[in-house]
Number of protein chains: 4
Amino acid sequence: MKLGLIGLGKMGYNLTLNLLNHGHEVIVSDINPEPGRELEKLGAVAASGIAELTAQLARPRIVWVMVPAGAPVDSVVDTLAGLLDEGDIVIEGGNSHYKDSIARAEKLSARGIHFFDAGTSGGTEGAAQGACFMIGGNSEVFEAIEPLFRDLAVEKGYLYAGPSGSGHFLKMIHNGIEYGMMQAIAEGFELLEKSPYNFNYEDVARVWSNGSVIRGWLMELTESAFSKDPKLSGIRGVMQSSGEGKWTVQTALDLEASTPVIALSLLMRYRSLEENTFHGKVVAALRNEFGGHAVVKAE
Amino acid sequence: MKLGLIGLGKMGYNLTLNLLNHGHEVIVSDINPEPGRELEKLGAVAASGIAELTAQLARPRIVWVMVPAGAPVDSVVDTLAGLLDEGDIVIEGGNSHYKDSIARAEKLSARGIHFFDAGTSGGTEGAAQGACFMIGGNSEVFEAIEPLFRDLAVEKGYLYAGPSGSGHFLKMIHNGIEYGMMQAIAEGFELLEKSPYNFNYEDVARVWSNGSVIRGWLMELTESAFSKDPKLSGIRGVMQSSGEGKWTVQTALDLEASTPVIALSLLMRYRSLEENTFHGKVVAALRNEFGGHAVVKAE
Amino acid sequence: MKLGLIGLGKMGYNLTLNLLNHGHEVIVSDINPEPGRELEKLGAVAASGIAELTAQLARPRIVWVMVPAGAPVDSVVDTLAGLLDEGDIVIEGGNSHYKDSIARAEKLSARGIHFFDAGTSGGTEGAAQGACFMIGGNSEVFEAIEPLFRDLAVEKGYLYAGPSGSGHFLKMIHNGIEYGMMQAIAEGFELLEKSPYNFNYEDVARVWSNGSVIRGWLMELTESAFSKDPKLSGIRGVMQSSGEGKWTVQTALDLEASTPVIALSLLMRYRSLEENTFHGKVVAALRNEFGGHAVVKAE
Amino acid sequence: MKLGLIGLGKMGYNLTLNLLNHGHEVIVSDINPEPGRELEKLGAVAASGIAELTAQLARPRIVWVMVPAGAPVDSVVDTLAGLLDEGDIVIEGGNSHYKDSIARAEKLSARGIHFFDAGTSGGTEGAAQGACFMIGGNSEVFEAIEPLFRDLAVEKGYLYAGPSGSGHFLKMIHNGIEYGMMQAIAEGFELLEKSPYNFNYEDVARVWSNGSVIRGWLMELTESAFSKDPKLSGIRGVMQSSGEGKWTVQTALDLEASTPVIALSLLMRYRSLEENTFHGKVVAALRNEFGGHAVVKAE
């Protein structure tokens, strides 16, 4: 098939590689011309902008948008709204909030343009070699783009999930689960580190990756991480986050769902951003007030 | 190799199958004669008791103990202490507390008997077809029994972990991680269930099992569970536990390790054992006291 | 002073009593005429509507709004915007979201009307006999209404907190702390209930109310609740919530603040709304899948 | 009444002052002679050791033990067991584990000596001026010592709680609640600190201490702490703990009680002991592995 792909960051670049490897014709565009030039060597066609990109596609056009969530997606979708025609298809594969995807689908729908929210998992490696896709949008129109997902995904690795927003909703929840799983694994290794034993963590992650109940890709990545730095002594325990865990907890609050593990996984990430805490000062001061317990002085 | 195996529950029975399939000679024993009779048809030799079992082994004897943790293990190990000789080897493969394993190793060591604590993961299916083993005990003696683990485990699925107790310590932590992962997955599906969408959970678990970051055996089991009962409407949400999660949290307290996700996974299991709670009554009563908020009357 | 008071629910009614007891002239109004008629017997003047209420006040008029948060406040504030003049003052004493208060202050400010958000704590009893107020708005104009708060509050029980929104922000955080404190107390009594001892909870709450570190009004209310129903056997442990705890957790997410105790207090309230949970079913099903552990069948 | 008091640390010293102020005769003893000398000036009699202390008491002797929990209590109780006679009374007022108190009561009971476990709350100030006592032991013998508690406690501030261990059990739970309340208060102030407002925390704690739902001694102590250091800039947020919170959580695990708020209060204290965490490193490393997200390098 022939399609446009806007946004050549790590994910968009690797998806393009994956599409080219499967024989698709890809017109690419990015605000930075460099990745487009590289992809041209591999068979893509680099357009100098979105208008040039859409001009090279025949109706019904298919445009995959893979730019950062938020304003960049809005900007590209708005531009596409002015360039595309009735029956054309936009696939938005980024980490957008599902409510934004619903709003964008409605906006494009008013012009007869079909919008699909395609949550993508599997990391940069998966984007290139076979990822996992959760897709929301019109079920009948989906058949037109299903061949793309069949090629881009690992076997059984894509799902038409339901109406608009359902793809990104599933991706959000996927990431919430991911936060919980990562924190669970990390707490386990913290207990090993504080134990009286002297474990080799790469070995532990390897044995847990082979035949155990907790085997899976995250444990394999744990093995990989420890193979490079046996005690992770080169990095600090700062756990950043990029939004989807927060959205999951916000959604839990809205749905009145009790999700303590996902919530705590997020809150421990926030905690890790600080070396010192105000709540800690308050507790220490109170212990001093009522019991005369010593406090640790600030340096 | 030739060895004895005491305890033919689900795990011991399946391990015996696994051993027989790899050409080992297994003398089995259980308080219930039935599984031994079945295994005899498949090539095992059933002993009528522990003494008869050890009598059929040549020194250095190898005896694998696979009975329920706690008093049953103590009873079998004490019996073996009286029957085995210097240089003989006991492998304890159950879900014992690592401190109990250290104590048993010391007890047997006084008689020159070697003790290995072999944490076993992979479920009943893994026991039969290839499991994961974490083994603590004397590193030099381990070489004598390593061929057994090489056969019983999936490839790379066994680890000599360190001195006595380290095998069961690793298994305990493994289960703590497992609690956290299971709760994280379960919370994710609770959010799907409370969402405005109408997801097919088997499909969701399948797509997450293929190419996603959270793929792994637990997600495959989730797919399997939903394939049998799409909304799990046949079961109640009672989450029982068999001790290792509790031990992990107790260990975290002793090590002063902050493990909120594993702790909450356990506490939510306890919460699930009750339909009504006393803490809930107290909060409801307090809301009524200060704000006149209505309470839900007991039936 | 002379002022209007709109909204004669439990809180507004009791505040009016409190104002009358301190010699203020109060013009009251409510969509239900009954409480106004009762308050007329005690010295208030009941207006038949908001327009009639404002018509009875001299400029600069002072109107206290005490209606349910959300749409009712918006409705009353919008009506007042059309009736009041430059220099008039609106005090909004309900449990509004602080961002709504900021927006209302800006809206009224455009017409020269001053808006104060007055978070109110102390329950219905406090409203009548002396409450606690946290007030946001213009600091200079505050002096004009300070005498009201001096009369309505217990000694030292009011605070000019800062610009618009700061009053309701403080009240929101107050309620978040309250959620945590209530859950902490409730968990303590749950441990007593599950202990091998046979405590008299009213006695326990009384002794903890007298001289202990955890003494305070919530413990006194606990004593009161147990004095009426020694085991709280008449009520179910359903912990409802009215929004401010949720707002506190949402705010924590926005501020990237790690507030596990307040978050869990809220999540346990949500948990209490269900007798059975979907996450519990998933965990139970998974235990069955990998370990063959029995599940509890649905009835 | 005449009694002995062993242990003149902050609590024991202040209790002696309190006893002297109520006209009791107190024979005191401590391993450090200094506080005994000071108390002699105020009317106490300082004994040079435990034997000399018991020798100055007439049967039935009453000895209050106020030494650090654990080995010191064991040592003193064992010494007393050899010096006291049938019918004598030991009151142990420290922060002992309730199971230790049960064991000590049984040990002394074998010699006919009565043992009371008296959980004490109210801080050092309370010890001197009126504290809160929760007392376990023989109910009939309690009458003999009740006048002491009537004098030492604030009004209604003592409770005969039940058989041996019940006093220290109640004190343990009291401290568990205290951990939760303190963390709740502290989280609230952390939200204020991270908010866009510029609150004066002493003012906030004062207004919350007067008329609000969350008023109580801990809030008054919060006010006091902020009055001395408005932003607590002189101290670090290190939250130490002295055992009773940990015991409460261990008890919750044994009773299968879901106490997330108390548990998290403890876990956040452990978290505060570290500037960097191993679990944080693992999560950061995993994010880097699957998504190429940057890590913060160790310095």
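**Entry 1: a buried histidine**

I began with His168(A), which counts as buried because its relative accessibility is 0%, where the cut-off for buried is under 20%. I note here that the model is a predicted one. I looked up where His168(A) sits and found it in helix H8 of chain A, which covers residues 166–194.

Which residues does His168(A) touch, leaving out those up to four places away in sequence? I listed Glu92(A), Gly93(A), Gly94(A), Ser96(A) and Tyr98(A), then Ser101(A), Asp117(A), Ala118(A) and Gly119(A).

**Entry 2: chain A as a whole**

Chain A has 13 helices and 8 strands. I read the spans of its C-alpha trace along the principal axes as about 75 × 40 × 35 Å.

How much of chain A counts as buried? I found 63% of its 299 residues in that class. For contacts in chain A between residues at least 6 apart in sequence, I noted that 63% join residues at least 24 apart.

The accessible surface of chain A is about 10,200 Å², and carbon and sulfur atoms account for 47% of that surface. I also looked up the charges: chain A has 25 positive and 37 negative ones, and their mean positions lie 5 Å apart.

**Entry 3: chains A and B**

How is chain A superposed on chain B? I found a rotation of 180° with 0.0 Å of shift along its axis, at an RMSD of 0.1 Å. The two copies are therefore related as by a two-fold rotation axis. I looked for the residue of chain A that comes closest to the rotation axis, and it is Gly216(A), with its C-alpha at 1.8 Å.

**Entry 4: chains C and D**

I looked up the other pair next. A rotation of 180° with 0.0 Å of shift along its axis superposes chain C on chain D, with an RMSD of 0.0 Å. In chain C, the C-alpha nearest the axis belongs to Gly216(C), at 1.8 Å. Because 100% of the interface residues of chain C are also interface residues in chain D, these copies meet through the same surface.

**Entry 5: backbone points**

Before going on, I reminded myself that most peptide bonds are trans and that most residues other than glycine have a negative phi.

Where is a cis peptide bond found in chain A? I found one joining Arg59(A) and Pro60(A), with omega at about -5°. Pro60(A) is in the loop between helix H3 (50–55) and strand E4 (62–65) of chain A. Pro60(C) lies in the loop between helix H3 (50–55) and strand E4 (62–65) of chain C.

Lys156(C) is not a glycine, yet I read a positive phi of about 60° for it. Lys156(C) belongs to strand E8 of chain C, residues 153–162. Is Lys156(C) buried or exposed? I have it as exposed, because its relative accessible area is 52% and the cut-off is over 50%. Lys156(D) also has a positive phi of about 60°, and I found it in strand E8 (residues 153–162) of chain D.

Technical notes:
Residues are numbered from 1 along each chain as its sequence is written. Chains are lettered from A and ligands numbered from 1 in the order in which they are written. This is a predicted model: local features need pLDDT of at least 70, side-chain atom pairs count only at pLDDT 80 or more; totals for chains, interfaces and linings use all residues. Side-chain values use heavy atoms; hydrogens and water are left out. Copies are superposed by least squares on the C-alpha atoms of residues with pLDDT of at least 70 in both. Helices (H or I, at least four residues) and strands (E, at least two) are DSSP runs, numbered from the N terminus. Buried means under 20% relative accessible area, exposed over 50%, partly exposed in between (1.4 Å probe, protein chains only). Contact means heavy atoms within 4.5 Å. Accessible areas come from the Shrake-Rupley method with a 1.4 Å probe; for residues, only the protein chains shown count as cover. Lys and Arg count as positive and Asp and Glu as negative; His and the chain ends are not counted. The place of a charge is taken as NZ of Lys, CZ of Arg, CG of Asp or CD of Glu.
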